[in-house]
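Here is a short report on one protein model. Look at the sequence and the fold, then read on.

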Amino acid sequence: MSHHPPAGHTADRPGTKELPPLTQGPHTRRLGMVALVATFGGLLFGYDTGVINGALLPMSEELGLDEKTEGTVTSTLLVGAAIGAVSIGRLSDGWGRRKTILLLAVLFLLGTLACVFAPGLAALLVGRFLLGLAVGGASTVVPVFLAELAPYEIRGSLSGRNELMIVIGQLAAFTVNAILGNTLGHLDGVWRIMLAVCAIPAIFLFFGMLRMPESPRWLISKGRYDEALEVLKTVRSGERAEAEMGEVERVSELEAKEHETGISSVLKNKWLLRILLVGVALAVFQQLTGINSVMYYGQIILRDAGFGADAALIANIAPGVIAVVGGFIALWMMERINRRSTIITGYVLVTIFHLLIGLSAAFFPEGNAARPFVILVLVVCFVGSMQTFLNVATWVLLSEIFPLHMRAVGMGFAVFCLWMANAALSWVFPSLIAGIGINGSFFSFAAVNAVAAVVMWKFLPETRGRSLEAVEEDVTTGAIFTVHKK
């Protein structure tokens with residue numbers, strides 16, 4: 001349904017009123033602290049998805065896993081994440097973002113304990129599934145929580161901190177794996193120690209979120225205006241808080257009158273359906289870059305490239321380091337370069353590095369002394385391109401392109417598709433490497449990412465430098481697909 005304003009009333013259109021400028025003060029530090037605590041969910045997400053990289057080989061030796069059961073152990077977490085993204089994302093709409101993140105901290109702790117004390121494969125899979133629910137919920141709720149708290153001028157860099165924490169978590173996992181694998185590798189249960197480390201940030205997340213506020217936009221959507229203004233005044237100057245409150249209230253009331261909530265309202269409106277499909281494409285193509293196959297199976301890839309098992313554990317830290325460096329660069333870029341340009345550049349670069357990895361694996365024969373190092377350098381370049389141009393921008397866009405009334409549904413469904421693509425790819429990847437080798441696998445990734453670059457060039461809208469309310473207005477009327485395509 002269109003709700004363009006009458007001619008001559010553009011200034012009163014929701015989301016377009018000029019807001020007072022941002023100012024520095026105690027509220028700035030408070031906003032930074034809220035973001036830091038919430039992104040412990042991202043740190044847990046990163047550690048739990050990355051730890052399998054080094055834990056899988058000793059785990060396989062102790063539990064007698066083969067290629068298929070290795071894929072099952074890895075992908076069980078990802079199937080859980082897909083279910084968690086939909087169910088816990090939806091739960092946060094009714095229950096609140098803050099309470100939901102507290103629930104996620106408990107799930108992270110329970111899943112960790114179940115894995116650490118698992119007597120066999122069945123119990124391990126239950127623990128991995130619980131961790132998956134927590135990871136999926138965190139991947140949906142934390143970015144939305146940050147986007148709803150952030151002023152639009154710095155929304156990209158603030159929301160993007162979650163993706164930075166994810167790769168810091170993965171780097172922490174790779175580093176812990178390398179230290180434990182090379183010092184305690186002779187112990188049968190070393191993989192249990194690798195997994196146990198995750199309990200520490202889960203406890204920090206739980207106690208930290210007890211002191212954090214609820215999302216003001218969620219409070220407004222529930223009609224709790226006084227509480228919302230109180231929260232806004234802790235993370236904005238008084239004048240800015242009042243002005244933003246008015247903007248969000250106007251859009252929230254307008255959307256409540258004109259839209260049902262839930263998936264049915266999305267399917268009835270062509271523009272909402274289109275933005276949902278854009279979100280799904282963003283999410284799924286991000287997984288089809290193969291980034292998580294490298295993050296989960298990096299040790300196996302590097303071992304097949306020619307490194308010894310212990311050397312592969314150490315070499316595996318390099319992609320983790322470049323991912324963190326790329327994350328810092330990406331945050332710097334968020335408020336300076338259009339999201340759309342960043343994403344398209346990323347897919348072009350990823351396609352190029354996939355081709356180069358495939359060619360190197362094909363032309364350097366096994367046993368060649370240079371082969372493992374050439375492939376390592378190219379894998380590092382791929383991960384750096386991915387993290388600098390795609391990962392942060394993808395999660396930021398997913399957190400900001402959906403209107404408030406469908407934000408949990410849209411984010412939840414898109415991230416569900418992301419995790420299902422991740423699970424499918426992770427389940428087949430060990431068999432893929434065994435069947436067609438490194439070169440065949442990376443040539444396949446290159447073809448898919450070339451398609452992704454074209455799709456993003458044709459359909460991806462721009463959101464940088466605009467309030468969530470302005471984006472929401474233009475999504476609902478379809479204007480975002482034309483006017484803001486820069």
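## Helix 18 and a nonpolar patch

I352 is found in helix 18, which spans residues 339–363. Helices here are DSSP runs of H or I with at least four residues, numbered from the N terminus. I352 is partly exposed, with a relative accessible area of 42%. The terms work as follows: buried is under 20% relative accessible area, exposed is over 50%, and partly exposed lies in between, with a 1.4 Å probe and protein chains only.

I352 belongs to a nonpolar surface patch of about 620 Å². Helix 18 gives the largest share of the patch, six residues. Patch members have over 30% relative accessible area and no salt bridge; nonpolar side chains (Val, Leu, Ile, Met, Phe, Trp, Tyr) are joined within 5 Å, like charges within 9 Å. Accessible areas come from the Shrake-Rupley method with a 1.4 Å probe, and for residues only the protein chains shown count as cover.

## How to read the model

This is a predicted model: local features need pLDDT of at least 70, side-chain atom pairs count only at pLDDT 80 or more, and totals for chains, interfaces and linings use all residues. Residues are numbered from 1 along each chain as its sequence is written, and side-chain values use heavy atoms, with hydrogens and water left out.

## Aromatic pairs

How many aromatic pairs does a search of the whole structure find? The search finds seven. Rings of Phe, Tyr and Trp (its six-membered ring) pair if their centres lie within 6.5 Å; planes under 30 degrees apart are stacked, over 60 edge-to-face, and the rest tilted. F307 lies in the loop between helix 15 (291–305) and helix 16 (309–315), and F373 in helix 19 (residues 371–400), so the pair ties together parts 66 residues apart in sequence. F307 is buried, at 11% relative accessible area.

F442 and F445 are also edge-to-face, at 5.7 Å centre to centre and 70 degrees between the planes. Both lie in helix 20 (residues 407–459), three residues apart, about one turn of the helix. F442 is buried at 1% relative accessibility, and F445 is buried at 6%. Elsewhere, ring pairs link F45, W395 and W419 into a cluster.

## Salt bridges

The structure holds ten salt bridges. A salt bridge is a side-chain nitrogen of Lys or Arg within 4 Å of a carboxyl oxygen of Asp or Glu. E62 and R192 form one, with their closest N and O atoms 3.2 Å apart. E62 lies in helix 3 (residues 52–63) and R192 in helix 8 (residues 190–196), so this bridge ties together parts 130 residues apart in sequence. E62 is partly exposed at 34%, whereas R192 is buried at 17%.

R224 bridges to E227, with the closest N and O atoms 2.8 Å apart. R224 is partly exposed at 33%, and E227 is partly exposed at 37%.

D93 and R97 form a salt bridge, their closest N and O atoms being 3.0 Å apart. Are they buried or exposed? D93 is buried at 16%, and R97 is buried at 1%. A network of salt bridges links R90, D93, R97 and E148.

Helix 5 covers residues 97–116. Its buried residues include R97, L104, F108 and C115.

Methods:
Helix = DSSP H or I, 4+ residues; strand = E, 2+ residues; numbered from the N terminus. Expected span 1.5 Å × (residues − 1).
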